[in-house]
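Hi,

Here is the structure I said I would pass on. Have a look at it first, and then read my notes below.

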Amino acid sequence: MNRYFIVGTLLCFCCAFPSYGEDYSAKRHKMVEEVLADLAANGNPAPGPDVVQAMEKVERHRFVPDWLTRFAYINRPLPIGHGQTISQPVIVALMTDLIKVKAGDKVLEIGTGSGYQAAVLAKIVKSVYSMEIIESLGKEAAERLAALGYGNVQVKMEDGYYGWPAEAPFDAIVVTAAASHVPPPLIAQLKPGGRMVIPLGAQFMTQFLMLVEKHADGTVSSRQIIPVGFVPLTGGH
Ligand code: SAH
(Lines give C-alpha, C1' and ligand atoms only; values in the text may rest on other atoms or scores of the structure.)
Protein backbone atom coordinates (compact mmCIF):
# COMPACT_ATOMS: atom_id res chain seq x y z
CA MET A 1 0.00 0.00 0.00
CA ASN A 2 1.69 3.23 -1.00
CA ARG A 3 1.00 6.58 0.63
CA TYR A 4 -1.02 7.87 -2.34
CA PHE A 5 -3.38 4.98 -1.87
CA ILE A 6 -3.72 5.75 1.85
CA VAL A 7 -4.27 9.48 1.27
CA GLY A 8 -6.77 8.71 -1.52
CA THR A 9 -8.68 6.28 0.69
CA LEU A 10 -8.80 8.81 3.52
CA LEU A 11 -10.07 11.53 1.15
CA CYS A 12 -12.80 9.24 -0.18
CA PHE A 13 -13.80 8.37 3.36
CA CYS A 14 -13.98 12.04 4.42
CA CYS A 15 -16.07 12.93 1.36
CA ALA A 16 -18.45 10.03 1.89
CA PHE A 17 -18.97 10.68 5.60
CA PRO A 18 -18.50 14.41 5.89
CA SER A 19 -20.94 15.59 8.45
CA TYR A 20 -20.73 13.76 11.73
CA GLY A 21 -20.12 15.86 14.79
CA GLU A 22 -19.86 19.14 12.86
CA ASP A 23 -20.88 22.36 14.58
CA TYR A 24 -23.11 23.71 11.87
CA SER A 25 -24.45 26.73 13.76
CA ALA A 26 -20.90 28.05 14.28
CA LYS A 27 -20.14 27.51 10.58
CA ARG A 28 -23.41 29.20 9.67
CA HIS A 29 -22.63 32.19 11.85
CA LYS A 30 -19.24 32.52 10.16
CA MET A 31 -20.95 32.35 6.75
CA VAL A 32 -23.35 35.14 7.75
CA GLU A 33 -20.42 37.28 8.87
CA GLU A 34 -18.76 36.69 5.50
CA VAL A 35 -22.00 37.60 3.72
CA LEU A 36 -22.26 40.88 5.65
CA ALA A 37 -18.61 41.70 4.94
CA ASP A 38 -19.08 40.86 1.25
CA LEU A 39 -22.15 43.14 0.98
CA ALA A 40 -20.35 46.00 2.75
CA ALA A 41 -17.21 45.58 0.62
CA ASN A 42 -19.33 45.98 -2.51
CA GLY A 43 -21.13 49.07 -1.27
CA ASN A 44 -24.47 47.41 -0.53
CA PRO A 45 -26.46 48.48 2.53
CA ALA A 46 -26.46 46.08 5.49
CA PRO A 47 -29.49 43.76 5.32
CA GLY A 48 -32.24 44.17 7.91
CA PRO A 49 -32.12 42.18 11.17
CA ASP A 50 -34.91 39.83 10.04
CA VAL A 51 -32.87 38.82 6.97
CA VAL A 52 -29.74 38.26 9.07
CA GLN A 53 -31.73 36.19 11.58
CA ALA A 54 -33.26 34.07 8.83
CA MET A 55 -29.81 33.39 7.32
CA GLU A 56 -28.57 32.38 10.80
CA LYS A 57 -31.47 29.96 11.21
CA VAL A 58 -31.88 28.17 7.88
CA GLU A 59 -29.74 25.04 7.78
CA ARG A 60 -28.18 25.37 4.34
CA HIS A 61 -26.46 22.00 4.75
CA ARG A 62 -29.90 20.37 4.49
CA PHE A 63 -30.44 21.92 1.04
CA VAL A 64 -27.31 20.67 -0.75
CA PRO A 65 -26.57 17.13 -1.98
CA ASP A 66 -24.98 14.89 0.71
CA TRP A 67 -21.58 14.89 -0.98
CA LEU A 68 -21.44 18.70 -0.71
CA THR A 69 -22.55 19.03 2.92
CA ARG A 70 -19.07 20.00 4.03
CA PHE A 71 -19.11 22.98 1.63
CA ALA A 72 -22.62 24.17 2.54
CA TYR A 73 -21.41 27.15 4.57
CA ILE A 74 -18.97 28.53 2.06
CA ASN A 75 -20.30 31.73 0.47
CA ARG A 76 -20.63 30.09 -2.98
CA PRO A 77 -23.33 28.67 -5.23
CA LEU A 78 -23.24 24.85 -5.35
CA PRO A 79 -24.59 22.29 -7.84
CA ILE A 80 -27.92 20.65 -6.91
CA GLY A 81 -28.30 18.39 -9.97
CA HIS A 82 -30.05 18.87 -13.35
CA GLY A 83 -27.49 21.58 -14.20
CA GLN A 84 -29.02 23.86 -11.54
CA THR A 85 -27.48 25.54 -8.49
CA ILE A 86 -28.38 26.66 -4.99
CA SER A 87 -27.76 30.43 -5.01
CA GLN A 88 -24.77 32.03 -3.34
CA PRO A 89 -25.65 33.05 0.26
CA VAL A 90 -24.71 36.71 -0.33
CA ILE A 91 -27.15 36.86 -3.27
CA VAL A 92 -29.90 35.23 -1.21
CA ALA A 93 -29.35 37.84 1.54
CA LEU A 94 -29.32 40.70 -0.96
CA MET A 95 -32.43 39.56 -2.85
CA THR A 96 -34.35 38.93 0.38
CA ASP A 97 -33.40 42.34 1.71
CA LEU A 98 -34.22 44.21 -1.52
CA ILE A 99 -37.87 43.17 -1.49
CA LYS A 100 -38.36 44.58 2.06
CA VAL A 101 -40.75 41.87 3.17
CA LYS A 102 -42.66 41.91 6.48
CA ALA A 103 -44.19 39.29 8.75
CA GLY A 104 -47.66 39.23 7.20
CA ASP A 105 -46.53 39.13 3.56
CA LYS A 106 -47.33 36.67 0.80
CA VAL A 107 -44.37 36.08 -1.52
CA LEU A 108 -43.97 34.34 -4.87
CA GLU A 109 -40.66 32.73 -5.81
CA ILE A 110 -39.87 31.55 -9.32
CA GLY A 111 -37.20 28.80 -9.35
CA THR A 112 -37.54 26.67 -6.20
CA GLY A 113 -34.33 24.73 -6.91
CA SER A 114 -33.20 23.32 -3.55
CA GLY A 115 -35.81 25.29 -1.60
CA TYR A 116 -33.18 27.31 0.28
CA GLN A 117 -34.31 30.79 -0.80
CA ALA A 118 -37.91 29.76 -0.08
CA ALA A 119 -36.87 28.66 3.43
CA VAL A 120 -35.12 31.98 4.11
CA LEU A 121 -38.26 33.84 3.01
CA ALA A 122 -40.46 31.50 5.05
CA LYS A 123 -38.64 32.49 8.25
CA ILE A 124 -39.72 36.10 7.68
CA VAL A 125 -43.09 36.16 5.92
CA LYS A 126 -46.50 34.54 6.38
CA SER A 127 -46.59 32.47 3.20
CA VAL A 128 -44.31 31.55 0.32
CA TYR A 129 -45.51 30.21 -3.05
CA SER A 130 -42.62 28.74 -5.02
CA MET A 131 -42.65 27.45 -8.59
CA GLU A 132 -40.17 25.03 -10.18
CA ILE A 133 -40.15 23.89 -13.81
CA ILE A 134 -38.09 20.70 -13.23
CA GLU A 135 -40.57 18.22 -11.76
CA SER A 136 -38.09 16.10 -9.76
CA LEU A 137 -36.29 19.14 -8.26
CA GLY A 138 -39.61 20.67 -7.22
CA LYS A 139 -40.83 17.42 -5.68
CA GLU A 140 -37.59 16.94 -3.76
CA ALA A 141 -37.63 20.54 -2.50
CA ALA A 142 -41.27 20.27 -1.44
CA GLU A 143 -40.53 17.08 0.52
CA ARG A 144 -37.42 18.62 2.09
CA LEU A 145 -39.26 21.79 3.14
CA ALA A 146 -42.12 19.76 4.63
CA ALA A 147 -39.70 17.47 6.51
CA LEU A 148 -37.89 20.49 7.94
CA GLY A 149 -41.17 21.98 9.16
CA TYR A 150 -41.59 24.83 6.65
CA GLY A 151 -45.37 24.52 6.67
CA ASN A 152 -45.84 27.99 5.15
CA VAL A 153 -44.19 27.13 1.80
CA GLN A 154 -46.15 25.69 -1.10
CA VAL A 155 -44.35 24.38 -4.17
CA LYS A 156 -45.90 23.99 -7.61
CA MET A 157 -44.15 22.29 -10.53
CA GLU A 158 -45.01 24.55 -13.44
CA ASP A 159 -43.53 27.26 -15.66
CA GLY A 160 -43.14 30.25 -13.36
CA TYR A 161 -43.13 32.73 -16.26
CA TYR A 162 -46.90 32.81 -15.93
CA GLY A 163 -46.85 33.14 -12.14
CA TRP A 164 -49.48 31.69 -9.81
CA PRO A 165 -52.67 33.63 -10.71
CA ALA A 166 -54.89 31.73 -8.24
CA GLU A 167 -52.82 33.07 -5.31
CA ALA A 168 -52.15 36.58 -6.70
CA PRO A 169 -51.61 39.35 -5.85
CA PHE A 170 -48.27 39.04 -4.05
CA ASP A 171 -46.52 41.55 -1.79
CA ALA A 172 -43.20 40.59 -3.37
CA ILE A 173 -41.78 38.34 -6.10
CA VAL A 174 -38.31 36.79 -6.26
CA VAL A 175 -37.14 35.30 -9.54
CA THR A 176 -34.03 33.13 -9.11
CA ALA A 177 -33.34 32.36 -12.78
CA ALA A 178 -32.23 34.88 -15.41
CA ALA A 179 -34.86 36.09 -17.91
CA SER A 180 -34.52 38.16 -21.08
CA HIS A 181 -37.27 40.50 -19.86
CA VAL A 182 -39.54 40.96 -16.87
CA PRO A 183 -42.47 38.57 -17.45
CA PRO A 184 -45.65 40.69 -17.82
CA PRO A 185 -47.76 38.11 -15.90
CA LEU A 186 -45.48 38.61 -12.88
CA ILE A 187 -45.89 42.40 -13.01
CA ALA A 188 -49.65 41.88 -13.17
CA GLN A 189 -49.50 39.62 -10.08
CA LEU A 190 -47.52 42.12 -7.98
CA LYS A 191 -49.52 44.26 -5.53
CA PRO A 192 -49.33 48.05 -5.91
CA GLY A 193 -46.53 49.03 -3.53
CA GLY A 194 -44.92 45.62 -4.11
CA ARG A 195 -41.37 44.78 -5.14
CA MET A 196 -39.82 42.19 -7.41
CA VAL A 197 -36.17 41.15 -7.80
CA ILE A 198 -35.18 39.46 -11.04
CA PRO A 199 -31.89 38.80 -12.85
CA LEU A 200 -32.04 39.94 -16.47
CA GLY A 201 -29.67 38.83 -19.23
CA ALA A 202 -28.48 35.70 -21.05
CA GLN A 203 -26.52 32.87 -19.39
CA PHE A 204 -22.72 33.41 -19.43
CA MET A 205 -23.31 37.04 -20.53
CA THR A 206 -23.53 40.04 -18.26
CA GLN A 207 -26.70 39.78 -16.25
CA PHE A 208 -28.01 42.40 -13.87
CA LEU A 209 -30.08 41.93 -10.78
CA MET A 210 -33.01 44.32 -11.22
CA LEU A 211 -35.30 45.75 -8.58
CA VAL A 212 -38.76 46.32 -10.04
CA GLU A 213 -41.22 48.43 -8.05
CA LYS A 214 -44.93 48.70 -8.68
CA HIS A 215 -46.07 52.00 -7.25
CA ALA A 216 -49.36 52.75 -5.50
CA ASP A 217 -50.75 54.27 -8.73
CA GLY A 218 -49.87 51.10 -10.67
CA THR A 219 -46.89 52.55 -12.56
CA VAL A 220 -43.74 50.45 -12.65
CA SER A 221 -40.11 51.49 -12.36
CA SER A 222 -36.92 49.45 -12.24
CA ARG A 223 -33.25 49.88 -11.48
CA GLN A 224 -30.09 47.84 -11.80
CA ILE A 225 -28.54 46.62 -8.56
CA ILE A 226 -25.42 44.52 -9.30
CA PRO A 227 -24.04 42.21 -12.01
CA VAL A 228 -24.90 38.56 -11.27
CA GLY A 229 -24.64 35.06 -12.80
CA PHE A 230 -27.81 32.96 -12.76
CA VAL A 231 -28.98 29.88 -14.63
CA PRO A 232 -31.56 30.76 -17.31
CA LEU A 233 -35.32 30.98 -16.89
CA THR A 234 -36.48 28.22 -19.22
CA GLY A 235 -39.94 27.29 -20.47
CA GLY A 236 -42.06 27.86 -23.50
CA HIS A 237 -42.68 31.60 -23.33
N1 SAH B 1 -33.86 29.48 -5.48
C2 SAH B 1 -33.06 28.28 -5.65
C3 SAH B 1 -32.01 28.43 -6.72
C4 SAH B 1 -32.62 28.18 -8.00
S5 SAH B 1 -31.64 27.98 -9.42
C6 SAH B 1 -32.42 27.85 -4.36
O7 SAH B 1 -32.48 28.57 -3.38
O8 SAH B 1 -31.88 26.74 -4.35
C9 SAH B 1 -32.95 28.38 -10.56
C10 SAH B 1 -34.09 27.39 -10.61
O11 SAH B 1 -35.05 27.95 -11.51
C12 SAH B 1 -33.72 26.03 -11.17
O13 SAH B 1 -34.10 25.04 -10.28
C14 SAH B 1 -34.52 25.96 -12.48
O15 SAH B 1 -34.97 24.66 -12.79
C16 SAH B 1 -35.67 26.89 -12.18
N17 SAH B 1 -36.36 27.44 -13.36
C18 SAH B 1 -35.84 27.81 -14.54
N19 SAH B 1 -36.80 28.26 -15.36
C20 SAH B 1 -37.98 28.18 -14.67
C21 SAH B 1 -39.34 28.53 -14.96
N22 SAH B 1 -39.70 29.00 -16.15
N23 SAH B 1 -40.26 28.32 -14.01
C24 SAH B 1 -39.92 27.82 -12.78
N25 SAH B 1 -38.66 27.46 -12.46
C26 SAH B 1 -37.70 27.66 -13.37
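Predicted model: local features only at pLDDT ≥ 70, side-chain atom pairs only at ≥ 80, totals over all residues.

Two strands count as paired if DSSP finds at least two bridges between them.

Seven strands make up an open sheet with mixed pairing, and the order is β5-β4-β3-β6-β7-β8-β9. Its edge strands, each pairing on one side only, are β5 (153–156) and β9 (220–228). From one strand to the next, the twist averages 15°. At the β5 end, strand β4 (residues 127–131) runs parallel to β5, and four bridges join the two. Val 128 is the residue opposite Val 153 in β5.

Now for the helices. Which strands does α4 lie across? They are β6 (170–175), β7 (190–200), β8 (207–214) and β9, and α4 runs at about 165° to β9.

Helix α4 (residues 89–98) also packs against helix α5 (residues 116–124), at an angle of about 40° and with the axes 11 Å apart. That angle makes α4 oblique to α5, since roughly parallel would need an angle under 35 degrees and roughly perpendicular 65 to 115. The crossing of α4 past α5 is right-handed. On the α4 side the contact is made by Val 92, Met 95 and Thr 96, and on the α5 side by Tyr 116, Gln 117, Val 120, Leu 121 and Ile 124. Sorted by type, the residues of this contact come out as six nonpolar, two polar and no charged.

Last, the aromatics. How many aromatic pairs does the structure hold? There are six. One of them is Tyr 24 with Tyr 73: the ring centres are 6.0 Å apart and the planes are at 50°, so this pair is tilted.

Cheers

Note on methods. Residues numbered from 1 in each chain as written. Heavy atoms only, no water. Axes fitted to C-alpha atoms, helices over the stretch in contact; angles between N-to-C directions. Parallel < 35°, antiparallel > 145°, perpendicular 65-115°, else oblique. Left-handed = near helix turned anticlockwise from the far one by under 90°. Contact = heavy atoms within 4.5 Å. Nonpolar A, V, L, I, M, F, W, Y, C, P; charged D, E, K, R; others polar. Phe/Tyr/Trp six-rings, centres within 6.5 Å; stacked < 30°, edge-to-face > 60°.
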